[in-house]
Amino acid sequence: FGNSELAMQPGPAEGRVRLSFLHHATFLIETPGGLSAATDYAGFLGAVDHVPDVVTMNNAHRTHWTPAPDPRIAHVLRGWDAGAGPPAHLLDLGEMLVRNVTTDVRGPGGGVRRDGNSIFVFEVAGLCIGHLGHLHHEPDAGQYAALGRLDVVMAPVDGGFTMDLAAMMRVIARLRSSVVLPMHWFSGHSLERFLVGMAGEYEVVRLEGNSIELSRRDLPARPTVVVLMPEFLR
């Protein structure tokens with residue numbers, strides 16, 4: 001793995017993708033050709049004027065979206081049913097294809113808000129990279145089939161706001177991803193519990209920086225949890 005303290009630098013080499021953990025559930029995905037996508041975009045990426053080509057907003061939750069995205073962003077993909085039916089995104093930008101699979105979320109009073117979240121999948125550099133968003137339940141067989149094999153998965157490990165850790169670990173085991181990037185871990189207590197639970201079957205690697213570069217050639221032989229320390233762009 002390669003890591004760096006600064007996300008805003010020349011793009012990754014040909015055949016590679018850079019993933020930078022910025023905050024909470026926001027990652028910046030960068031391609032060799034200069035495309036970038038920000039996940040769970042809430043309106044702020046850091047103290048630089050970086051305009052992603054694509055932003056995804058998985059859930060209409062204040063830390064996962066903004067009602068007023070930068071108007072310069074070409075593609076703003078909302079992941080929830082706002083009354084017109086489940087969103088079905090398939091955005092092909094050449095170097096990057098972005099698609100989604102909707103899931104349900106818990107509603108007020110214990111109810112269920114159908115199609116209230118999207119798992120976004122980014123196909124880039126020969127890799128399938130999935131961001132689980134604010135996942136509240138284990139996907140069903142149809143949802144797993146629609147996702148396919150995710151080489152890299154960004155997984156919320158808060159242990160309660162989304163899913164309990166045992167259920168999240170079952171989801172990760174079912175996805176069979178080579179690289180797992182924990183996110184949405186707040187104080188770090190739930191992160192440490194997650195790492196203990198994963199340590200038997202997965203290698204655990206802690207990086208000092210907030211980013212890694214990956215290619216299909218250097219995916220680890222043993223499934224690996226990579227811990228990145230979040231840092232806004234600067």
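## Cores, a helix and a sheet

Of the 57 residues in the largest nonpolar core, Leu19, Ile129, Leu132, Leu181 and Phe194 touch the most other members. A nonpolar core here is a set of buried Ala, Val, Leu, Ile, Met, Phe, Trp, Tyr and Cys residues joined through side-chain atoms within 4.5 Å, and buried means under 20% relative accessible area (1.4 Å probe, protein chains only). Keep in mind that this is a predicted model: local features need pLDDT of at least 70, side-chain atom pairs count only at pLDDT 80 or more, and totals for chains, interfaces and linings use all residues. Residues are numbered from 1 along each chain as its sequence is written, and side-chain values use heavy atoms, with hydrogens and water left out.

- (Helices are DSSP runs of H or I, at least four residues, and strands are runs of E, at least two, numbered from the N terminus.)
- Another core, of 10 residues, lies apart from the largest one, and Leu22, Leu28, Ala38 and Leu45 are among its members.
- In soluble globular proteins, nonpolar side chains tend to be buried together.

**Helix α2**
- Along α2 (residues 165-175), you'll find Leu165, Ala167, Met168, Val171, Ile172 and Leu175 buried.
- Look down the axis of α2 and its buried residues fall within an arc of 160° (taken from the directions from the helix axis to the C-beta atoms), so they line one face of the helix.
- The cover over those buried residues includes α1 (141-147), β10 (152-156), β11 (179-183) and α3 (189-198), going by contact, meaning heavy atoms within 4.5 Å.

- An open sheet is built from 6 strands in the order β5-β4-β3-β2-β1-β13, with mixed pairing; two strands pair if DSSP finds at least two bridges between them.
- At the edges sit β5 (75-78) and β13 (211-214), each pairing on one side only.

**Strand β2 and its partners**
- In β2 (residues 26-30), 5 of the 5 residues are buried, so the strand is largely enclosed by the rest of the structure.
- Thr26, Leu28 and Glu30 point one way from β2, while Phe27 and Ile29 point the other way.
- On one side, β1 (residues 17-23) runs antiparallel to β2, joined by 5 bridges; the two form a hairpin with 2 residues between them, and His24 in the turn has a positive phi of about 60°.
- β2 also pairs with β3 (residues 36-38), antiparallel over 3 bridges, and Ile29 stands opposite Ala37 there.

Notes:
Buried means under 20% relative accessible area, exposed over 50%, partly exposed in between (1.4 Å probe, protein chains only).
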